[in-house]
Amino acid sequence: MAKDQKGKKRGFISRFGDSQVWKSIIRTGIPRNRRGRMFSVLNSVFLHLHPVRMPRHAVRLKYTWCAGGLSFYIFCVLTITGILLMFYYRPTVEYAYTDIMDLSEQVPLGIMREIHRWAAHLMVITVWIHMFRVFMTGSYKPPREFNWMVGVILLVLTLLLSFTGYLLPWDQLAIWAITVGTNMARATPFLGHEGPGAALLSIGDINLVHSGSDVRFALLGGRFVGEAALLRFYVLHCIGFPFIIIIFMAIHFWRIRKDGGITTPL
Amino acid sequence: MMFPMDKHKNIPNDVNNTEENEQSSRQTDEISSDSANPQMDSVDEQNLDSKKPEVPKGEPEKNPSQKRASIGKGSILVEPIKRRSFFSWLTLAWLAFTAATGTFFGIMLRFMFPNVLFEPKQTFKAGYPDDYSVGDVTTSLKEKYGVWIVRTTEEIYALSTVCTHLGCTPNWLKNENKFKCPCHGSGFRKTGINFEGPAPRPLERFKIALANDGQIFIDKTKKYAYEKGQWSDPESFLRV
């Protein structure tokens with residue numbers, strides 16, 4: 001059993017590849033040829049999002065800049081470091097700032113918080129670079145126009161993740177940056193209380209859209225950046241937006257495969 | 001032409017009646033070349049004729065194989081939707097499910113707007129007019145209520161502490177006699193009128209009045225803007 005047809009003893013990996021353990025996990029056994037490799041990609045829930053085969057010249061660094069892959073890698077880094085930070089950070093007015101101080105000064109490997117912050121800056125940059133590359137190589141053209149739109153949504157979600165994370169250190173910079181940022185929501189048409197059309201939404205003398213019922217209020221949970229705003233931004237940053245962005249990322253990667261793989265240089 | 005599954009289905013037919021199987025296979029051929037070949041067309045009619053008399057008119061068809069929709073000649077043999085079965089329990093169930101889901105999305109939206117806010121009130125009393133000395137800007141209410149009370153020789157007014165540029169909170173600089181915003185450097189005179197920095201318009205004033213007990217009453221829900229000429233409104237200042 002442990003010998004092949006020629007009577008030689010088979011190696012451990014080869015034997016393990018035929019074992020029930022391996023075959024119950026990777027259903028197609030050890031990929032030994034092109035067909036086997038293709039099957040193992042197609043039958044894996046993670047790998048099947050990725051194109052089965054790619055032209056060698058299309059994945060040159062000179063062509064792709066690996067910006068999309070880097071963005072995804074940085075997202076993974078952010079997810080892992082973010083989960084670690086959640087073990088120490090408490091999103092309350094009383095503790096938020098001191099917990100951040102704690103994270104960088106007292107918690108072992110205080111660099112964790114900095115990695116999260118640097119990676120956040122980096123991800124915005126790589127996403128922009130990725131978008132620039134896709135635009136310059138014309139990879140947004142049919143049949144990839146839908147995936148371009150998914151990419152735009154991913155860009156917006158990336159910026160929203162950055163924005164919501166901005167408030168969490170709860171220092172002066174954070175509070176006033178979010179104050180300024182969310183003041184833009186006042187001017188939302190119909191939904192913001194200072195926006196165009198908001199005055200039209202009224203019953204008699206009663207304004208339906210006022211500072212206590214508009215879209216800015218829904219975002220902050222109050223009329224100014226306070227305790228409720230900190231909690232809402234924390235929940236959106238840690239659960240809400242990551243949940244949505246993962247769904248769109250899965251669509252984005254899967255559509256690359258479905259739209260005929262990565263574009264090839266002209 | 002045939003899929004393996006179809007072949008499998010036809011096996012019992014083969015056993016029972018080879019002729020019928022031949023007919024049916026001919027029929028499928030004709031569907032594709034119905035109008036193109038008049039000869040075949042006549043054969044098709046023959047086939048249909050041979051089958052038609054078996055089904056009495058006006059009665060529901062018993063043979064399920066004849067319910068199949070076919071192309072051409074308006075012979076779609078699908079049972080019409082009856083009036084009574086249109087609103088079936090399944091339809092009702094789906095409608096109820098959709099309505100419940102829609103309602104829940106409404107509830108989710110409402111959930112984001114709490115009934116009680118743990119914020120300082122929008123309307124409050126701010127002491128007696130005599131508590132404020134002439135020429136002073138009172139900053140003690142800034143932290144809690146976001147209001148500066150200014151008393152001049154003729155009037156008392158309540159200025160909003162929200163910068164009209166991007167909404168930061170300026171500081172009152174007594175020595176320089178101006179409000180200065182730390183975010184982007186907007187400057188306002190004691191009256192609230194902007195004179196430097198990016199602020200596009202003067203600070204807003206709130207409704208101010210005397211309550212029955214003689215105290216100053218401020219209502220932050222009513223704002224008065226200089227550029228709209230609202231500072232001449234008697235509710236925007238308190239004459240002393």
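The following questions and answers go through the reasons behind the terms used for this predicted model.

User: Why is W65(A) called partly exposed?

Analyst: W65(A) has 17 other C-beta atoms within 10 Å. Buried would need 20 or more, and exposed would need 12 or fewer. The count for W65(A) is in between, so the residue is partly exposed. W65(A) sits in the loop between α4 (61-64) and α5 (67-86) of chain A.

User: And what makes L109(A) exposed?

Analyst: L109(A) has 10 other C-beta atoms within 10 Å. The limit for exposed is 12 or fewer, so L109(A) counts as exposed. Its place is in the loop between α6 (96-105) and α7 of chain A.

User: How do you know which form the peptide bond from P142(A) to P143(A) takes?

Analyst: Omega is near 5° for that bond, and the bond is cis. Most peptide bonds are trans. P143(A) lies in the loop between α7 (111-136) and α8 (145-167) of chain A.

User: What does the radius of gyration say about chain A?

Analyst: A compact globule of 266 residues would have a value near 18 Å, whereas chain A has 25 Å. The C-alpha trace spans about 90 × 50 × 35 Å along its principal axes. Of the 266 residues, 21% count as buried.

User: How is chain A divided into domains, and how far apart are their centres?

Analyst: Domain 1 covers 1-48, and domain 2 covers 61-169 + 229-258. Their centres, taken over C-alpha atoms, are separated by 36 Å.

User: Which elements make up chain A?

Analyst: Chain A has 11 helices and two strands. From the N terminus on, the order is α-α-α-α-α-α-α-α-α-β-β-α-α. Among contacts between residues at least 6 apart in sequence, 59% join residues at least 24 apart.

User: What makes β3(B) a covered strand?

Analyst: Five of its five residues are buried, so by the cut-off each has 20 or more other C-beta atoms within 10 Å. Both faces are covered. V147(B), I149(B) and R151(B) are on one side, with W148(B) and V150(B) on the other.

User: How do you know that β3(B) pairs with strands β2 and β4 of chain B?

Analyst: A pair needs at least two bridges. Strand β2 (residues 137-138) of chain B and β3(B) have two bridges, so they meet that limit, in the antiparallel sense. β3(B) and β4(B) have five bridges, also antiparallel. V150(B) takes part on both sides: V137(B) stands opposite V150(B), and V150(B) stands opposite Y157(B) in β4(B). A hairpin of three residues joins β3(B) to β4(B).

User: Which residues of the largest nonpolar core touch the most other members?

Analyst: They are V147(B), A158(B) and I208(B), in a core of 20 residues. The elements giving two or more residues to this core are β3 (147-151), β4 (155-160), β9 (205-210) and β10 (216-224) of chain B. In soluble globular proteins, nonpolar side chains tend to be buried together.

User: What does I208(B) touch?

Analyst: Leaving out residues up to four places away in sequence, I208(B) touches I156(B), Y157(B), A158(B), I216(B), I218(B), F237(B) and L238(B). Apart from this core lies another, of 18 residues, including A96(A), A229(A), F233(A) and C238(A).

User: Why are β5 and β8 of chain B called edge strands?

Analyst: The open sheet has four strands in the order β5-β6-β7-β8 (chain B), with antiparallel pairing. β5 (171-173) and β8 (194-196) each have a single partner strand, so one side of each is left without a neighbour in the sheet. Within the sheet, strand β6 (residues 178-180) and strand β7 (residues 187-188) of chain B pair over two bridges, with F179(B) opposite F188(B) in β7(B).

User: How many residues does each chain give to the contact between chain B and chain A?

Analyst: Chain B gives eight residues and chain A gives nine residues. The chain B side divides into six nonpolar, one polar and one charged.

Definitions and conventions
Residues numbered from 1 in each chain as written. Chains lettered and ligands numbered in written order. Predicted model: local features only at pLDDT ≥ 70, side-chain atom pairs only at ≥ 80, totals over all residues. Core = buried A, V, L, I, M, F, W, Y, C linked by C-beta atoms within 7 Å. Contact = placed C-beta atoms within 7 Å. Domains from an automatic or database assignment. Nonpolar A, V, L, I, M, F, W, Y, C, P; charged D, E, K, R; others polar. Rg over C-alpha atoms; globule rule 2.2 N^0.38 Å.
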